[in-house]
Amino acid sequence: MSKPSIPKGTRDFGPAEMIRRNYIFSTIRKAFETFGFMPIETPAMENLSTLTGKYGEEGDQLIFKILNNGDFLAKADAQAMQEGDSKKLAFSISKKALRYDLTVPFARFVVMNQTELTFPFRRYQIQPVWRGDRPGKGRYQEFYQCDADIVGTEGLTCEVELVQLFDEVLTNLQIPGFEIRINNRKILLALAQVAGIEDRLVDLTVAMDKLDKIGENGVVDELQKRGIPEGAIEKIRPLFSLNGDFQTKHNVLSAIFEGNEAGQKGLEELRYVFDAIRQMELRSGKLEFDVTLARGLNYYTGAIFEVVVPGVQIGSICGGGRYDDLTGIFGLPNVSGVGISFGADRIYDVLHELNLFPNASATVSQLLFVNFGEAEERYCLNLATRLRRQGVACELYPTSAKMKKQMTYANNLGFPYVALVGSREMETGIITIKKMETGEQYAVDKSEILEFLTA
RNA sequence: GUGGUUGUAGCUCAGUUGGUUAGAGCACUGGAUUGUGGUUCCAGGGGUCGUGGGUUCAAAUCCCAUCAUCCACCCCA
């Protein structure tokens, strides 16, 4: 017998962790619904053909493919096998795959259900996704995404609302000093055009995205390595050290983009969002225009979002953006959408690192009845039943074990209260409730337990 | 995928130039305390030293392989 284990990059969640995870999920879910998003779910597995080609070449390799059932070898591509072409072979022995994100399945869902949906359609989706990535800090092979998207409209109020949604969730989770970074793909495109390297847009964005990590000189090196001409680099270099508020950055870029349509359009869109947010005000977040923000996904066409918590080395905790034609690949062109995603697992890590979970309790129960014996057991079971019908989570220790053992149980699991009901209490109907945090004990009439606990 | 780090009790880790029966803290169990936890004291249980091979009279210790882990790069949530 070998020791049991789970695949790398996956995790079990014990009760204490699940209580905390559910706190995150319910906070996110509640905010989603407050903003009018409707829940949907899609299957864990999709047809492999639905997923391939949507995430770039590297993304394709990170998709977990599911081996066909039955005699898959009989239908295997013998030629591919002979040539040692794993990629080609994969398609002949695998028809299904685990979903890689929630956006592509959602696009598929919209196309399949287009006649039944009323647009603009707002949906949210909280489900796990799988990536065959090398696991590391804040990086797993199975993790949850919490997505909210609005499809079927180009209205910029959506961008504004999504910024507010970031603010709402992260404020409620009490994450301090988070920064909502925003940029616009049109601005990146304009930069490439102005520098005369429109065909190298991807190289440009990938390099610029690293500014935080490798600094101005690092980005220049990276651009040189990628073969961007010196003249082009010199044109965009001033932007790497662009500072100040939105207006300042706007003015600089506006001058650079004079006569460039995409650039002006991008700035205009950003201005709309910044104006609205300034008027509405965010609860605790900070909205930052970051020209270097690029994100890897190549289907974004307008706004791009990312949320980071300064001082926590964990990468971005949320992302998102506008994509003008995601459903086009599934045969439904001209449907614009914009969406954001919360990385629940990373948010968990951030809250954990900053010690921001509201309580350390490992139980959902409010109250533990200590078990003193048969007669007391029956009496307490009665009280517990009444309390539960009133909505109080409570439990009775199942055996009349030693007092110390029962108290240790209550202590380890973090019960806020313990009820001590022995012969004395049964006679008078006045039970003893101990508040575990302080050790104080109270005499409470058995009909007033609810009032005592909620006081 | 590339480079490096570390694998010893449930957890965090000691373990000397290779040398008798591999240790500590925390956790667990019992007792001091027969209606009182989180503090204290005492006692106890628990290890194929990641796995496989090699060197040696002798390996946790040295060598090789393999698996796992963590960190950096790459990419991302």
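Which domains does the domain assignment of chain A give? In this predicted model, the assignment divides chain A into domain 1, comprising 15-64 + 100-353, and domain 2, comprising 367-454. The centres of domain 1 and domain 2, taken over C-alpha atoms, are separated by 50 Å.

The surroundings of RNA strand B were examined next. A total of 39 residues surround RNA strand B, and the closest are Arg 139, Arg 346, Lys 402, Met 436 and Gln 441. Helix H16 provides the largest share, with six residues.

On the RNA side, sugar or phosphate accounts for 44% of the atoms of RNA strand B within 4 Å of the protein, and the rest belong to bases. In Arg 346, which is listed among the closest residues, a polar side-chain atom lies 2.5 Å from a sugar or linking oxygen of RNA strand B. For Arg 131, the corresponding distance from a polar side-chain atom to a sugar or linking oxygen of RNA strand B is 2.7 Å. Lys 402, also listed among the closest residues, has a side-chain N or O atom 2.6 Å from a phosphate oxygen of RNA strand B.

Notes. Residues are numbered from 1 along each chain as its sequence is written. Chains are lettered from A and ligands numbered from 1 in the order in which they are written. This is a predicted model: local features need pLDDT of at least 70, side-chain atom pairs count only at pLDDT 80 or more; totals for chains, interfaces and linings use all residues. Side-chain values use heavy atoms; hydrogens and water are left out. Domain bounds come from an automatic or database domain assignment. A residue is near a molecule or strand if one of its heavy atoms lies within 4 Å of it. A polar contact is a pair of N or O atoms within 3.5 Å; within protein, one must be able to donate a hydrogen and the other to accept it, and residues adjacent in sequence count only if both atoms are side-chain atoms. Helices (H or I, at least four residues) and strands (E, at least two) are DSSP runs, numbered from the N terminus.
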